[in-house]
Amino acid sequence: MNDGGGTNTHAAKSSSVAVAETGAIFSAEPAGDASVVVTVHGDIDIRSAPILIDYACGRIASGVRLILDLSDVGFFGIAGLRVFAALDDAAAEAGTVWRLVEGHPVHRLLEAANVVPAVRRFTSVADAVA
């Protein structure tokens with residue numbers, strides 16, 4: 001999928017995409033001059049996780065901190081953990097960082113799977129941007 005956000009020059013531009021098969025909606029908005037917030041609505045499962053990987057990793061750029069806002073996700077399946085691994089790799093390659101805003105389904109999966117991601121975790125976008 002290429003919605004214009006796959007290159008570093010477009011990393012901080014606003015965009016959105018809907019994943020018809022799953023009902024997931026991803027959007028990206030600049031936050032200040034050094035961050036971009038990727039917000040996810042709907043479910044992250046085996047069908048939507050690869051699309052989210054492409055969408056979010058396409059917004060990582062040197063000098064731009066990506067904030068993945070999963071606070072409004074209704075379901076977060078184990079396939080969503082691949083999103084975290086892909087963002088870790090993409091951020092390391094770009095020499096930048098990403099942050100996670102988790103909602104209850106994400107928190108519940110991380111607790112149940114006994115997974116502690118290396119990413120900094122927040123409960124609000126405002127805190128993650130600060």
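The model is predicted, so a local feature needs a pLDDT of at least 70 and a side-chain atom pair counts only at pLDDT 80 or more, while totals for chains, interfaces and linings use all residues. Residues are numbered from 1 along each chain as its sequence is written, and side-chain values use heavy atoms, with hydrogens and water left out.

Starting with the overall picture, the chain has 4 helices and 6 strands. These elements are DSSP runs numbered from the N terminus (helices are H or I with at least four residues, strands are E with at least two). Read from the N terminus on, the order is β-β-β-α-β-α-β-α-β-α. Of the 130 residues in the chain, 48% are buried; here buried means under 20% relative accessible area, exposed means over 50%, and partly exposed is in between, using a 1.4 Å probe and protein chains only. As for contacts (heavy atoms within 4.5 Å), 60% of those with a separation of 6 or more join residues 24 or more positions apart.

Next comes a pair of helices. Two packed helices are described by the angle between their axes and the distance between the axes. Helix α1 covers residues 49–57 and helix α2 covers residues 81–94; their axes come within 9 Å and cross at roughly 25°. The axes are lines fitted to C-alpha atoms over the stretch in contact, and angles run from 0 to 180 degrees between N-to-C directions. The crossing of α1 past α2 is right-handed, that is, the near helix is turned clockwise from the far one by less than a right angle. On the α1 side, A49, L52, I53, A56 and C57 do the touching, and they meet R82, V83, A86, L87 and A90 of α2. Sorted by class, this contact has 9 nonpolar residues, no polar ones and 1 charged residue. For this sorting, Ala, Val, Leu, Ile, Met, Phe, Trp, Tyr, Cys and Pro are nonpolar, Asp, Glu, Lys and Arg are charged, and the others, Gly among them, are polar.

S35 is buried at 3% relative accessible area, and V37 is buried at 8%. The side chain of S35 makes a polar contact with the side chain of R65 at 3.1 Å. Such a contact is a pair of N or O atoms within 3.5 Å; within protein, one must be able to donate a hydrogen and the other to accept it, and residues adjacent in sequence count only if both atoms are side-chain atoms. Leaving aside neighbours within four places in sequence, S35 is in contact with P30, V64, R65 and I67. With residues up to four places away not counted, V37 touches several residues, including S27, I67 and V129.

R59, in the loop between α1 and β4, is buried with a relative accessible area of 1%. A polar atom of its side chain lies 2.7 Å from the backbone oxygen of Y55. N114, in the loop between α3 and β6, is exposed at 67%. Most residues other than glycine have a negative phi, yet N114 has a positive phi of about 55°.
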